[in-house]
2 protein chains.
Amino acid sequence: MRIRLDLAYDGTDFHGWAAQPGLRTVQGELSDALATVLRVPSVAVVCAGRTDAGVHARGQVVHADLDGLEPAAVEGLLRRLNGRLPADVRVRRVAAAPAGFDARFGALWRRYAYRIADTPAVVDPLTRGHVLAWPRSLDLDAMNAASAVLVGRHDFASFCKQREGATTIRTLLELSWARERSGLLVGTVRADAFCHSMVRSLVGCLIAVGEGRRPVAWAEDILRAEVRDPSVAVVHAHGLTLEEVAYPLDDELAARAEQTRARRVADE
Amino acid sequence: MRIRLDLAYDGTDFHGWAAQPGLRTVQGELSDALATVLRVPSVAVVCAGRTDAGVHARGQVVHADLDGLEPAAVEGLLRRLNGRLPADVRVRRVAAAPAGFDARFGALWRRYAYRIADTPAVVDPLTRGHVLAWPRSLDLDAMNAASAVLVGRHDFASFCKQREGATTIRTLLELSWARERSGLLVGTVRADAFCHSMVRSLVGCLIAVGEGRRPVAWAEDILRAEVRDPSVAVVHAHGLTLEEVAYPLDDELAARAEQTRARRVADE
């Protein structure tokens, strides 16, 4: 039986999602908690967005295949898991997954938010763990103008840590900035998938534009170069939060997962 | 020269506002930072709302009298203070105070928020330091019905830690609950002044009503008794944040401070 778990975590004290020997990771904690609660030796968990060290999540989606779990036991699992997990990871929902559901390959898109407090009046110590305090004020319009050029299907090699043989072509569905009523600057980044460090490199580039250190056209110059540029900073992880993962309707799940899996194999 | 400072702090690692020998307090940190920056032996700071241990603030207001500070130096003070203060206290604004300004006696009212996540789907690890996670869901309408009875000028002795010779009569201007879009339950508590532990006792009483452990009429019964009732729990400090302090227009500041000071003396 496959279950879907919706997770939120504070990434501060995690070495990212992916389990690594001897390091505290979200995958490790969740997998251990499931194994303890279900009294089995181990449980494999697959997530939609493999967040880096220090990156947070409010809308992470995970699946796990649990042999012999009774459907009636799914509801109790939420409370038992949260009783077992540390306070910086919370399970928000547990449900039997619909047929064909795959947290990773079935996803349509992932949405991240990057939060910046760019004036002293906006810096809030209560949110300092997930909002970047920036010492200079940023120009929203300049950042949006530079962002607009990056939206669409491009080779994002300039913004990615290259992996041997892997494509860096991605479809950026949304990249935009808004100022909340609180004064916080919030960037929304939505794509079918991201390559490694892509969101933080995009934000690093756009902050340089927002400060006026670089012109609006610089973002496009960097993109067109299609080669990683050391003048683009990979901005701090702690301002970044995985907010939402979207899936198709239940009857399209299996087809979507199959299609993504086939494309990934072709790419790699 | 008197200055006004607007402060935000994460109360988690503070033993409250008021300086106490050997303990980490907000008053102590701010006073030390001012003394260091201004190269004077000590600086007295007076706040609008003396928050208890663990209580946070986003809208704390403070005044300090700084001998010999040039008006031109006020602006630079913000950056210098924030450079000196620990990350859990931030100065959001510094300005020369208008004539007659007194952060404590000049205030018209203080507004606090109490935040509760009462279902697993709403619990957010990123805000766990300032939102109470409550294991049972709460009835918004019952809490609002009970709250409405408490609004107004009453003797709040039932909700206060009694101090010898001090009055417990207060005017509660607002006490209401709303559910945010995120699902968070937020209580707003606004009064001319509060006695010790009053907000947390009121919230403790209203949570019992919200859970259905007590009827709506219980809040009024407790109030009318005018004596502290051990069945009213003083709820956790970490859900409470001082959000705002209001002052009259500049030309009414001195009169307001004088009036409050006179009433306090008469009370005590």
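Two residues are taken to be in contact if their C-beta atoms, placed from the backbone, lie within 7 Å. By this criterion, 23 residues of chain A are in contact with 23 residues of chain B. The model is a predicted one, in which local features need pLDDT of at least 70, side-chain atom pairs count only at pLDDT 80 or more, and totals for chains, interfaces and linings use all residues. Residues are numbered from 1 along each chain as its sequence is written, while chains are lettered from A and ligands numbered from 1 in the order in which they are written.

Confidence was examined next. pLDDT is the predictor's confidence in each residue, from 0 to 100. Chain A has a mean pLDDT of 94. In that chain, 99% of residues reach 70 or more. For the complex, the predictor gives an ipTM of 0.92 and a pTM of 0.93. Where pLDDT is low, predicted coordinates should not be read in detail.

Helices (H or I, at least four residues) and strands (E, at least two) are DSSP runs, numbered from the N terminus. 23 residues of chain A touch 23 of chain B. On the chain A side, at least two residues each come from β1 (2–9), β3 (56–65), α2 (74–84) and β4 (89–96). The most is given by β4(A), with five residues. By class, this side of chain A holds 11 nonpolar, four polar and eight charged residues. Here Ala, Val, Leu, Ile, Met, Phe, Trp, Tyr, Cys and Pro count as nonpolar, Asp, Glu, Lys and Arg as charged, and the others, Gly among them, as polar.

Axes are lines fitted to C-alpha atoms, for helices over the stretch in contact, and angles run from 0 to 180 degrees between N-to-C directions. Angles under 35 degrees count as roughly parallel, over 145 as roughly antiparallel, 65 to 115 as roughly perpendicular and the rest as oblique. In chain B, the axes of α3 (residues 140–150) and α5 (residues 218–225) come within 8 Å and cross at roughly 25°. α3(B) is therefore roughly parallel to α5(B). B:Ala146, B:Val149 and B:Leu150 of α3(B) make the contact with B:Ala219, B:Glu220 and B:Leu223 of α5(B). Five of the residues in this contact are nonpolar, none is polar and one is charged.

A further pair in chain B involves α4 (residues 198–211). The axes of α4(B) and α5(B) lie 9 Å apart, at an angle of about 150°. These two helices are therefore roughly antiparallel. B:Cys205, B:Leu206 and B:Val209 in α4(B) meet B:Trp218, B:Ala219 and B:Ile222 in α5(B). This contact has six nonpolar, no polar and no charged residues.

In chain A, the axes of α3 (residues 140–150) and α5 (residues 218–225) come within 8 Å and cross at roughly 25°. α3(A) is thus roughly parallel to α5(A). The contact involves A:Ala146, A:Val149 and A:Leu150 of α3(A), and A:Ala219, A:Glu220 and A:Leu223 of α5(A).
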